[in-house]
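Student: I am new to this structure. Please take one part and walk me through it closely.

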Amino acid sequence: MKRSYVGVAVLAFILFLNIIFTQYMVHQFFYENYVNTLIFCGLNIVLFPIALFAYKKMKNVKA
Amino acid sequence: MPSDKNNKIPFNEDNYTHNIERDNERKLDRRGFMKTLAGAAGVFAVSSLPWGAVAAKELMGLGEKEYPHKKITDVSKLAVGDSLEFKFPGEHDDAIIIRLNENKYVAYQNACTHLRCPVFWVKEQNQMVCPCHHGFFDAETGAPTAGPPRRPLPEIQVKVDNGAIYAVRVKRYEA
Ligand code: FES
């Protein structure tokens, strides 16, 4: 039983983006660039469905 | 029972679970790990919401408050190129007004956006200076031009009425 770790890599990358966007969002908030805050907030939110989709797609993938 | 497996390490066996005996040993297997990652993305998404909500609120101007108009001084008492310190909107909110030319007044809350030292107007250099760590601000816009401060000074809207200058409201900075 071999597994594919592509899914893990994809999800780890999504988590990486999450961290970056959150960092930007918080910083832009305190710099009072509220439009940028909203953009990164939106990006963070769309990452969630993408992560769910990636999980659903990859959970049964075998190499 | 003698076995030839003992002489071949690792012996050929397509079974990766032979060493699992306890319950929950495989809790964080590949799929469980992916589930955790997806869940983490959900946590990030949900925790982004308040930031977005507050940012949207600020953008829609709900955070902008109108304060009772307050007289700063008389036009005749403030010469062109001079500045004056006053308090607005509260008794402890230091502010500064600068008369840039005959009809142009600018006012800012003058607590430095670095560490809140009072910023003052230097006529000769035509800019606002923070003495604490040599922060400089553009008098026209309140934007920082040099030194540690990175955010502009909050601008105060002023109104001239009947030879007197009034502070009206504190403006939100627009990028
Ligand atoms: S407090 Fe103004 S530069 Fe540091």
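Tutor: What follows is a close look at one sheet in chain B, with its setting. Keep in mind that this is a predicted model.

Begin with the chain as a whole. Chain B holds 1 helix and 10 strands. Read from the N terminus, the order is α-β-β-β-β-β-β-β-β-β-β.

Four of the strands of chain B form an open sheet, in the order 5-6-7-8. The pairing is antiparallel. In general, strands of a sheet pair through backbone hydrogen bonds, either parallel or antiparallel.

Which strands lie at the edges? They are strand 5, residues 120–122, and strand 8, residues 144–146, both of chain B. Each of these edge strands pairs on one side only. Neighbouring strands of the sheet are turned by 40 degrees against each other on average, with direction ignored.

Strand 7 of chain B covers residues 135–137. It runs antiparallel to strand 8 of chain B, and 2 bridges join them. One residue pair can be named here: F137(B) has P144(B) in strand 8 as its bridge partner.

Finally, step back to the setting. Chain B has 175 residues, and 31% of them are buried.

Definitions and conventions. Residues numbered from 1 in each chain as written. Chains lettered and ligands numbered in written order. Predicted model: local features only at pLDDT ≥ 70, side-chain atom pairs only at ≥ 80, totals over all residues. Heavy atoms only, no water. Pairing = 2+ DSSP bridges. Axes fitted to C-alpha atoms, helices over the stretch in contact; angles between N-to-C directions. Buried < 20%, exposed > 50% of the residue type's maximum accessible area, 1.4 Å probe, protein only.
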